[in-house]
Amino acid sequence: MRESLAVIWAIGRKDLLLETRNKDVIVAVSVFALLVLMIFTFAIDINQVNAKLTGPGILWASIAFAGVTGLNRAFALELEGNTLEALMLAPISRDLIYAGKMFGNFLFITAAQIIVIPIFAVLFNLAVLRWEMLVVSLLTTIGFSAIGTLFAAMTIRVRAREVMLPLLFLPVVTPLIMAAVESTSHVVNDSSWPEIYQWIQLAIAFDIAFIVISAFIFQQILED
Amino acid sequence: MTKVINLIVSPIALSAVLMGTTLWLIFVWVPTETNQGAVQRILYLHVPIAWGAMMGIIVVSAGSFLYLWKKNEIWDRLAVASAEVGVVFGGLALLTGMIWAKPVWAVWWTGEAKLTTTLILFFIYVAYLMFRAYFPPGTQRQRLAAMIAIIGAIDTPIIYFAANLWSQAHPPLITGPAADSESSLGTSLGVVLLASTVSFTLLFILLVKMRYEIRKSEDEIKHFKRNHQLDSAVLNNISQARGTS
């Protein structure tokens with residue numbers, strides 16, 4: 001168990017180290033998400049009345065779209081540097097490679113959210129900075145990175161990879177986006193925890209289902 | 001003569017006769033429903049088409065699962081054939097549903113759980129087919145595609161659950177003139193629906209079978225081509241070797 005965690009941490013740390021050197025993913029994801037938010041503030045005339053109605057949806061749409069652009073990079077770097085073979089040669093099981101890459105993606109999307117959500121709160125004048133939002137954001141990011149890492153690995157050898165990943169990723173994560181949007185809208189409307197909780201349950205179920213399945217089938221993806 | 005007899009008793013002829021009879025039942029035999037009017041007749045097409053789409057998803061998932069398990073090409077061909085037919089049926093089900101909804105519910109589209117689920121599944125299986133088209137051919141493509149199909153199947157109950165919860169939070173706008181009225185048709189509705197379901201099921205099976213056979217021929221041609229190239233490469237090598245010696 002301890003060794004497995006060490007491997008996951010090592011792969012995640014490697015990705016994080018690369019990221020601190022070139023800052024490709026976090027900057028790209030945050031700027032992309034902020035641009036989507038900005039376009040929506042012009043597309044919909046945001047005021048006190050409709051901000052609560054439309055804000056949560058816009059926030060998660062922008063994070064989902066921006067997240068895909070980041071996920072596209074997850075395995076692209078490994079492929080460009082021919083380091084995927086090295087990872088596969090390492091004497092560790094494939095599901096640990098999956099967990100490590102997922103951990104890295106989770107950190108990137110979380111970092112982007114730390115930048116995006118406060119700016120969203122300012123632009124839309126919504127009180128989202130509550131502890132419930134932390135739970136929502138955490139669970140959604142786990143789900144995004146679980147499915148995203150799996151599909152990113154599947155699409156590394158596909159022609160037009162940048163197009164294929166969102167086409168696979170977005171329909172599958174729709175239930176998770178629904179859960180995120182609904183629970184965020186409960187948060188901004190100051191709802192009680194039980195109302196938020198029914199959506200949180202859905203997100204938990206989604207996360208568990210896809211982490212288990214992904215770890216199970218990831219081994220077969222990297223085989224040639 | 002035997003050719004003519006074969007054609008008459010072939011599944012294609014049977015399907016054509018059944019479909020003709022079904023259309024006659026739908027547009028001539030069954031009386032017009034009093035509350036919804038003529039538009040209600042689309043139900044006799046919509047329900048069997050949606051059923052076909054559902055069969056498509058079940059066969060894709062079963063075929064993909066069996067492919068991953070047995071590694072036999074047959075299951076992969078069955079999965080892709082039924083995905084293609086299923087996507088067409090799914091698209092038609094969405095289209096016929098919208099045509100019906102506009103006069104009855106007063107909107108083309110609403111956030112109702114079954115509609116949302118059908119739409120998302122339609123997109124998942126379109127992505128499945130696109131993935132197959134974009135990925136370089138080989139066993140890896142078949143394996144990954146099978147995984148995508150299974151992920152789609154596992155996602156289905158979660159999507160339905162989420163869509164259901166969502167539509168409870170945002171009650172769908174069903175305010176059309178005949179949204180809640182009881183049907184004025186008794187058993188004749190059931191008869192036509194049954195006949196239509198049988199003919200569309202047969203059509204589905206027939207289309208999948210045709211697509212399956214085309215797929216098989218494609219694979220065989222590829223196989224022959226590869227062997228032929230190998231043969232000619234070997235011949236070239238031999239002649240070159242002879243030339244140099």
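1. Helix 3 of chain B crosses helix 6 of chain B in a left-handed sense. A crossing is left-handed if the near helix is turned anticlockwise from the far one by less than a right angle, and right-handed if clockwise. Helices here are DSSP runs (H or I, at least four residues; strands are E, at least two), numbered from the N terminus.

2. This is a predicted model, in which local features need pLDDT of at least 70 and side-chain atom pairs count only at pLDDT 80 or more, while totals for chains, interfaces and linings use all residues. Residues are numbered from 1 along each chain as its sequence is written, with chains lettered from A and ligands numbered from 1 in the order in which they are written.

3. In the pair named in point 1, helix 3 spans residues 43–70 and helix 6 spans residues 139–169 of chain B, and the two pack at about 135° with their axes 8 Å apart. Helix 3 of chain B is therefore oblique to helix 6 of chain B. Axes are lines fitted to C-alpha atoms, for helices over the stretch in contact, and angles run from 0 to 180 degrees between N-to-C directions. Angles under 35 degrees count as roughly parallel, over 145 as roughly antiparallel, 65 to 115 as roughly perpendicular and the rest as oblique.

4. On the helix 3 side, the contact is made by B:I57, B:V60, B:S61, B:S64, B:F65, B:Y67 and B:L68, and on the helix 6 side by B:Q142, B:R143, B:A146, B:A149, B:I150 and B:A153. By class these residues are 9 nonpolar, 3 polar and 1 charged. Two residues are in contact if their C-beta atoms, placed from the backbone, lie within 7 Å. Ala, Val, Leu, Ile, Met, Phe, Trp, Tyr, Cys and Pro count as nonpolar, Asp, Glu, Lys and Arg as charged, and the others, Gly among them, as polar.

5. Also in chain B, the axes of helix 4 and helix 5 come within 10 Å and cross at roughly 145°. This crossing of helix 4 and helix 5 of chain B is left-handed. Among the residues in contact are B:V80, B:A83, B:E84 and B:G86 of helix 4, and B:L115, B:T118, B:Y128 and B:R132 of helix 5. The contact of helix 4 with helix 5 of chain B has 13 nonpolar, 5 polar and 2 charged residues.

6. Between the chains, 25 residues of chain A are in contact with 24 residues of chain B. On the chain A side, the elements giving two or more residues are helix 7 (161–188) and helix 8 (193–221). Helix 7 of chain A gives the most, with 10 residues. The chain A side divides into 18 nonpolar, 3 polar and 4 charged residues.

7. Helix 7 of chain A packs against helix 5 (residues 113–134) of chain B at an angle of about 155°, with axes 9 Å apart. The two are therefore roughly antiparallel. Their crossing is left-handed. Helix 7 of chain A contributes A:M164, A:L167, A:L168, A:P171, A:V172 and A:T174, and helix 5 of chain B contributes B:I120, B:F123, B:I124, B:A127, B:M130, B:F131 and B:Y134. This contact has 12 nonpolar, 1 polar and no charged residues.

8. The largest nonpolar core has 108 residues, and those with the most contacts inside it include A:L168, A:F169, B:Y128 and B:I148. Its largest share, 15 residues, comes from helix 7 of chain A. A nonpolar core is a set of buried Ala, Val, Leu, Ile, Met, Phe, Trp, Tyr and Cys residues joined through C-beta atoms within 7 Å. Not counting residues up to four places away in sequence, B:Y128 touches B:A83, B:A145, B:I148, B:A149 and B:G152.

9. A:N125 is in the loop between helix 5 (94–124) and helix 6 (131–154) of chain A, and counts as exposed with 12 C-beta neighbours inside 10 Å. B:A106 is in the loop between helix 4 (73–105) and helix 5 of chain B, and counts as partly exposed with 14 such neighbours inside 10 Å. A residue is buried if 20 or more other C-beta atoms lie within 10 Å of its own, exposed if 12 or fewer, and partly exposed in between.

10. A:I156 is in the loop between helix 6 and helix 7 of chain A, and is partly exposed, with 17 C-beta neighbours inside 10 Å. Leaving aside neighbours within four places in sequence, A:I156 is in contact with A:F75, A:L79 and A:R161. A:I156 and A:F75 are 81 residues apart in sequence and 6.7 Å apart in space, C-alpha to C-alpha.
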